[in-house]
Amino acid sequence: KLETDGVALSGRALPFRLREITGAVRFDGNSARLTALTLLAPEVKWLVSGSVENLAAPVLHLTAQADSFDPGQYYQGAGGRGTLSVSAEGPAANPALVFLPDLRDFRLDSFSCARLRGRFTVEDRGKKVKLDPGTVTLGAGEITAWGSMEPAGPAASLRWTFTPGGAPGPAWAGAASLDRGVLNLSAKSADGSWVATGRSRREKDSWNTSLAAHSGSGGQVSASVRAGARAPFRLSGTVSIQGLSFSDLGLDRTWATLGRVKGRIRGSGPLSGSASNPALSLALAGREMTLDSQKLALTSGVRIDSTSVKLDPLKIGQYATLTVVIPMENAPVRITGEATALPLKLALAFAGAPSGPGSEADGTIQGRFSLENPGSREGKSRANLEIRELTWKESRLGTALVVATGTGSSFKFTQLKLNGPAASADGSGSLDILANGDWDAGAALTVNYLKRGTTDLDCLAKVTASGRAG
């Protein structure tokens, strides 16, 4: 039995010095057993246990565990922090190595991810690598892969899944095979709405890739991309889309109103960035579109990167200009906008306003507004709007000023003001829309004048109203 306490080892056979070796090694004939042996290598603390058989031609059964592993200690271009377990099984000259990492904020040269975890088996002196599985967490979601690779080939056969985080779009599952410099890809969305194929060929200093996808509703996406063969794997190419709906793009999952927009979108734009941080810019246009029978034309610039999908500007004809930011991670969707002669009926349709007396109003809106997570219970809204040429049931009411804030489906109108030929009033109010579609509203108003026939009235008024679903 050999007991150590703070021993250090160094030599040509060791890539770095081993320090503070503490623990016990028990010898039994031609074998040795390690019991709770700890060491620093070089600044990472490891706990090593297991046994070595046949010391003359060693066979390893060892496990090393680091609870605070820093990959930057072993490779200058790496970073991150987490746990790592390494097992060695087999002849010391050629053991099978099993790596079980769980690393946060992992970085390797130009590649980075929020989390890396899985089971990676390295055999035949690194000639074969098995994933069972390996998972990478990016801003857009998680990629998990199973299969095997031969780095020297290179060759690979993998199955994979992609699960989006807070990003719009469905989950995906597919397969990838690499052989003789040709990479073939196939994928299908989990909901069955999309099918995609791709092929990439290795050239001297790049991978030239073509991708095509189509939806069950007739939408199509195609891409031609050139990716650098070495880090940081720079991307250049073009992407085009034809006949897509907002539902095809998954944007209705984060803003339900877009799911009610009927019509098709087309567009194209460049793809740039790197493999770990791609960026896509598109110019989109949609004509002959409708929202609850209200006609509208939409155009938008779209930028998609590892952090968000950004529509800027999203133009609703000549009526309104919006900026929409949909984060890839679970963060609030943010919408800001400015209306210029936006039809009131179209605005009510976008807002998902309930049917009732308000649905019989018409006019045009000027002003600014903002929304955060629209349609959710935690959603926030703010508006400062002027409604011109306001009518209700064909009665001319004049101009209205509305200043409002909202949380979820409850709204407070801190300022309500009406000035027209038939009435002048100002005050405040509220509107609550219930989960079943029922609604209740109220207002306290100072009526400066109200013309009824030949009579002019001025008074204080409290008004309540309600509506029921169906």
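Glu-20 and Arg-19 form a salt bridge in this predicted model, and the closest N and O atoms of the pair are 3.9 Å apart. Both partners count as partly exposed, Glu-20 with a relative accessibility of 45% and Arg-19 with one of 21%. Through shared partners, salt bridges join Arg-19, Glu-20 and Glu-43 into one network. Glu-20 also has a backbone feature to note, a positive phi of about 50 degrees although the residue is not a glycine, and its place is in strand 2, which spans residues 18-28.

**Salt bridges**

- Twelve salt bridges are found when the whole structure is searched; side chains of opposite charge can pair when their charged atoms come close.
- The side chains of Arg-226 and Asp-205 meet in a salt bridge with an N to O distance of 3.3 Å. Because Arg-226 lies in strand 16 (residues 220-228) and Asp-205 in the loop between strand 14 (194-202) and strand 15, this pair ties together parts that are 21 residues apart in sequence.
- Arg-226 is partly exposed at a relative accessible area of 40%, and Asp-205 is likewise partly exposed, at 41%.
- Another salt bridge links the side chains of Arg-368 and Glu-338, at 3.6 Å from N to O. Arg-368 belongs to strand 25 (residues 361-372) and Glu-338 to strand 24 (residues 334-343), so the pair ties together parts that are 30 residues apart in sequence.
- Arg-368 is exposed, with a relative accessible area of 55%, whereas Glu-338 is partly exposed, with 36%.

- Ser-206 is placed in strand 15 (residues 206-215) and counts as buried, because its relative accessibility is 2% and the cut-off for burial is under 20%.
- The side chain of Ser-206 makes a polar contact of 3.4 Å with the side chain of Arg-226, the residue that also meets Asp-205 in a salt bridge.
- When neighbours within four places in sequence are left aside, the residues in contact with Ser-206 are Arg-201, Arg-226, Ala-227, Gly-228 and Ala-229.

**Nonpolar cores and surface patch**

- The largest nonpolar core has 61 residues, and those with the most contacts inside it are Phe-246, Leu-296, Leu-298, Ile-316, Leu-322, Val-324 and Ile-365.
- Apart from this core lies another, of 29 residues, which includes Leu-18, Val-25, Val-52 and Cys-113.
- Val-324 touches Trp-255, Val-309, Lys-310, Leu-311, Leu-314, Arg-334 and Ile-335, with residues up to four places away in sequence not counted.
- On the surface, Tyr-74, Tyr-75 and Leu-108 form a nonpolar patch with about 260 Å² of accessible area together. Tyr-74 is found in the loop between strand 5 (59-69) and strand 6 (78-91) and is partly exposed, with a relative accessible area of 30%.

**Backbone geometry**

- The peptide bond that runs from Ala-41 to Pro-42 is cis, with omega near -25 degrees, and Pro-42 sits in the loop between strand 3 (31-40) and strand 4 (45-53).
- Asp-312 and Pro-313 are also joined by a cis peptide bond, for which omega is about -5 degrees; Pro-313 lies in strand 22 (residues 308-316).
- Asp-124 has a positive phi of about 55 degrees although it is not a glycine. Asp-124 is located in the loop between strand 8 (111-123) and strand 9 (128-137), where it counts as partly exposed at 30% relative accessibility.

Terms used:
Residues are numbered from 1 along each chain as its sequence is written. This is a predicted model: local features need pLDDT of at least 70, side-chain atom pairs count only at pLDDT 80 or more; totals for chains, interfaces and linings use all residues. Side-chain values use heavy atoms; hydrogens and water are left out. Patches are made of residues with over 30% relative accessible area and no salt bridge: like charges are joined within 9 Å, nonpolar side chains (Val, Leu, Ile, Met, Phe, Trp, Tyr) within 5 Å. Accessible areas come from the Shrake-Rupley method with a 1.4 Å probe; for residues, only the protein chains shown count as cover. A salt bridge is a side-chain nitrogen of Lys or Arg within 4 Å of a carboxyl oxygen of Asp or Glu. Helices (H or I, at least four residues) and strands (E, at least two) are DSSP runs, numbered from the N terminus. Buried means under 20% relative accessible area, exposed over 50%, partly exposed in between (1.4 Å probe, protein chains only). A nonpolar core is a set of buried Ala, Val, Leu, Ile, Met, Phe, Trp, Tyr and Cys residues joined through side-chain atoms within 4.5 Å. Contact means heavy atoms within 4.5 Å. A polar contact is a pair of N or O atoms within 3.5 Å; within protein, one must be able to donate a hydrogen and the other to accept it, and residues adjacent in sequence count only if both atoms are side-chain atoms.
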